[in-house]
Amino acid sequence: MIGGRRAGERGSDRTWIATFLLVAFVVVARAPLAFAFPILEADDGVRLLYCAEHSGLDLWTWRHMGYVSLLTNAITALAAGAPAGLQPILYAACSGAVAALALSLFAARRFRVVVRDDRVRAGLCLMVALAPHGYARLVAAAMWMHVNFALIAALLALTPPAKGRRARVGEFALVALLTVSSPWALVAVPLRLAQAWSRPRDRTFQLGLVGVAAAYVLFAVASDPAGVRDPLLLAGAYARLLAQRVVAEAIVGGVAWPSLGAAVWPFALLVVAWTAHGVARLPGRPRRAAFGLTAIVLGASALAVLGREHMGMPDMWWGNRYTFVQRVCFHLLLGIVLAHRVAALGSAARRNLVAIGIGHAFALAVVSGELYRTSRRDGEKVFAFLVAAEQRLQDMPHERAPLRLRRPGEWNLELR
């Protein structure tokens, strides 16, 4: 019995490794130029310039956009020691690896309590990776690694911590680092409080991580006293975000959902009603995981609405990074419901539904493929700017001329 269990665990580990490699291939293949000729978000450009002008502890504890992202800061601080022209490539490689890990994590053995079949979980991860949840710069730029760090932290909160003292200490340290690397990781706090209440033997572990999150908010996240807005305005923006950018976009793609027009509301309600009915019929542990995914979707959407000054605007086309975690978790929620329904069908029906699911994921990838198109020219501009910046830092201060990097209509960076 023990030997059979160990063989099963090794098989599950191999499935996860294979899933990670396949998902990594999808991440790179859909936007190869973003990795070969990395381009920058405005915040990545700010980070690169900051690294060019600072060193030491400043790079590790830098607070950007009002919060510290410790793991992202650590990666960029280490990359800052490389020649400036190589830094974007290092950022893109690390970001792509973190994105692949986040999108393939559900295939890991610990999620057998949610969906027993390793191959089914691997298939769900592949379909989620194929679906256009973001854009090229989200998975190939340093600044947005914190979104995937938060997704990893949230998914780990769906299941009990690892067994064994050494494994548990290692998981605590990992999740603590993830928590202090992204304000989005705070969506896992309610899940950990629920586990602390329902599982007394894990209470110290869970409450310790809640304490880490509280310390992060107190000491590493800047307050925003000017961020108080009309509650009705926030409620309307929250409803639009969920209906349009989470539910509809997860099903029909980011380019296609506006064509639904006013029908997006009944469409979203039908999808939510079907999902809720499916969740209610799940067995115990999968149902608890589904509730956890629902809490992540609702909590991350609330953080997005509260954290953006222009959320009252009717246009919802602002940064896919603000709906990335929600759409991934909503897709996994749908996948869990479907997986348990498919398990009760015959083999022919299961094969047909799997084929339909993969076909739907590919269709979404085609429909929203333009989100992942990048320009080699933009990447070459970045390289030229960084080489010039590195050379400029070797000149005498009084001889340095300003350097500019501009993306028309988006942002303008200047190194004086």
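Trainee: Which residues are buried in helix 11?

Mentor: This is a predicted model, and helix 11 covers residues 189-198. A residue counts as buried when its relative accessible area is under 20%. In helix 11 that holds for Leu-191, Arg-192, Gln-195 and Ala-196.

Trainee: Why do the buried residues of helix 11 line one face of the helix?

Mentor: The view to take is down the axis of helix 11. The buried residues line one face because, seen that way, they fall within an arc of 140 degrees.

Trainee: Is helix 11 roughly parallel or roughly antiparallel to helix 12?

Mentor: The axes of the two helices come within 8 Å and cross at roughly 155 degrees. Angles over 145 degrees count as roughly antiparallel. Helix 11 is therefore, relative to helix 12, roughly antiparallel.

Trainee: Which residues of helix 12 meet helix 11, and is the crossing left-handed or right-handed?

Mentor: From helix 11 the contact involves Val-189, Arg-192, Leu-193, Gln-195, Ala-196 and Trp-197. Their counterparts in helix 12 are Arg-203, Phe-205, Gln-206, Leu-207, Leu-209, Val-210 and Ala-213. The crossing of helix 11 and helix 12 is left-handed.

Trainee: Is Gly-208 buried, partly exposed or exposed?

Mentor: Gly-208 lies in helix 12, and its C-alpha is 8.5 Å from that of Phe-172, 36 residues away in sequence. The relative accessibility of Gly-208 is 26%. Values between 20% and 50% fall in the middle class, so Gly-208 counts as partly exposed.

Trainee: What separates the C-alpha atoms of Val-169 and Phe-205?

Mentor: Val-169 belongs to helix 10, and with 53% relative accessibility it counts as exposed. Along the chain, Val-169 and Phe-205 are 36 residues apart. Between their C-alpha atoms the separation is 9.0 Å.

Trainee: How are helix 9 and helix 10 oriented to each other?

Mentor: Their axes are 9 Å apart and the packing angle is about 135 degrees. The crossing is left-handed. Phe-149, Ile-152, Ala-153 and Leu-156 of helix 9 make the contact with Leu-174, Val-175 and Leu-178 of helix 10. In orientation the two helices are therefore oblique.

Trainee: Is the crossing of helix 5 and helix 9 left-handed or right-handed?

Mentor: Helix 5 spans residues 70-79, and its axis comes within 9 Å of that of helix 9, crossing at roughly 135 degrees. That makes helix 5 oblique to helix 9. Leu-71, Thr-72 and Ile-75 in helix 5 meet Met-145, His-146 and Phe-149 in helix 9. The crossing of these two helices is right-handed.

Trainee: For the whole protein chain, what percentage of contacts between residues at least 6 apart in sequence join residues at least 24 apart?

Mentor: The protein chain contains 18 helices and four strands. Of its 416 residues, 48% count as buried. Of the contacts between residues at least 6 apart in sequence, the share joining residues at least 24 apart is 76%.

Key
Residues numbered from 1 in each chain as written. Predicted model: local features only at pLDDT ≥ 70, side-chain atom pairs only at ≥ 80, totals over all residues. Heavy atoms only, no water. Buried < 20%, exposed > 50% of the residue type's maximum accessible area, 1.4 Å probe, protein only. Contact = heavy atoms within 4.5 Å. Arc of directions from axis to C-beta. Axes fitted to C-alpha atoms, helices over the stretch in contact; angles between N-to-C directions. Parallel < 35°, antiparallel > 145°, perpendicular 65-115°, else oblique. Left-handed = near helix turned anticlockwise from the far one by under 90°.
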